[in-house]
Amino acid sequence: MPSWFVRPETVRLPLSDGQWILVKQRLNTGEHRAHLARCSVVGSDGRRRVESLTHGLSLVVAYLLDWSLPDVGIRDASEAALTAALDNLEPDRFVEIREAVAAHELAMEAARETEKNVTGGERPASAISPSPSEPAGALSGSVN
Amino acid sequence: MANTLAVRGAAAELRWGYAKAATLRDWSVAGQPGAWTFTATIIDGDTFRVSQRPLQVITPNGWTWAVGTLQIAGRTLTASLIPQERPHAVLVRPT
């Protein structure tokens, strides 16, 4: 049976000009929650909504561990220092990094689904139906 | 005792992959080739990550040691090291 825990493994993603970024293979629950907290706000109706403006930055901050860019080192950088480094990129370079990370996340989600199907990791049917009053979809909103 | 060595430092981290498992202070490595023992004071740690393997000790100057066995008693961490010392990076520029 595969582990239920996320191992802290890394993947190197190629960028243009021969550059690369080193990212987490997968986010664990805590990292995912921190990502959602960074890029969402609680509206006046009490529901949490993802902010499209900050979602991309938060996603990159969640995954990025290191890069080959020589001007600024980010290995072991704090979240604030990493955000500052990303905010100083040329906008189109940031978009390239964001799209690489987003594509990586989609690929990992697809791989995870395949892994669960192959190993029979589907959740068993619940013996108790959820309450009709349980809110559906704690998060809503579009993301960039 | 012949052929022994001791190295000390102020700061280090215990890591599981890229994830920090513990912040360490006042560390030392002592012993002889094939039998190095790392000792440090734990400042803070993640119990789950410390229980995982493989673990590495990393110092701010880039020294990295793979951890073999590990014991924690109170705030004192003691580990045997697997010989695998390497710096993160060595930059050599032509002069």
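## A walk through chains A and B

In chain B of this predicted model, β1(B) and β2(B) form a hairpin with two residues between them. Gly17(B) sits in the turn and has a positive phi of about 60°. Strands here are DSSP runs of E with at least two residues, helices are runs of H or I with at least four residues, and both are numbered from the N terminus.

Follow the hairpin along its length. Strand β1 (residues 5-16) and strand β2 (residues 19-32) of chain B run antiparallel and are joined by 11 bridges. Two strands count as paired if DSSP finds at least two bridges between them. Arg15(B) faces Lys20(B) in β2(B). β1(B) is also joined to strand β4 (residues 56-58) of chain B, by three bridges, and these two run antiparallel. Here Leu14(B) stands opposite Val57(B) in β4(B).

Now turn to chain A. Its three strands make an open sheet in the order β1-β2-β5, with antiparallel pairing.

Next comes a loop. Asn88(A) lies between α3 (79-87) and α4 (91-119) of chain A. Is Asn88(A) buried or exposed? Asn88(A) is exposed, with a relative accessible area of 67%. Buried means under 20%, exposed over 50%, and partly exposed in between, with a 1.4 Å probe and protein chains only. The side chain of Asn88(A) reaches the backbone oxygen of Ala84(A) at 2.7 Å. The C-alpha atoms of Asn88(A) and Pro2(A) are separated by 40 Å, and the two residues are 86 apart along the chain.

Last, look at the surface. Met1(A), Trp4(A), Phe5(A) and Phe48(B) form a nonpolar patch with about 620 Å² of accessible area together. Phe48(B) belongs to helix α1 (residues 47-50) of chain B. Phe48(B) is partly exposed, at 31% relative accessible area. Patch residues have over 30% relative accessible area and no salt bridge (a Lys or Arg side-chain nitrogen within 4 Å of an Asp or Glu carboxyl oxygen). Nonpolar side chains (Val, Leu, Ile, Met, Phe, Trp, Tyr) are joined within 5 Å, like charges within 9 Å. Accessible areas come from the Shrake-Rupley method with a 1.4 Å probe, and for residues only the protein chains shown count as cover.

Residues are numbered from 1 along each chain as its sequence is written, and chains are lettered from A and ligands numbered from 1 in the order in which they are written. In this predicted model, local features need pLDDT of at least 70, side-chain atom pairs count only at pLDDT 80 or more, and totals for chains, interfaces and linings use all residues, while side-chain values use heavy atoms, without hydrogens and water.

Methods: Polar contact = N/O pair within 3.5 Å; in protein donor to acceptor, adjacent residues only side chain to side chain.
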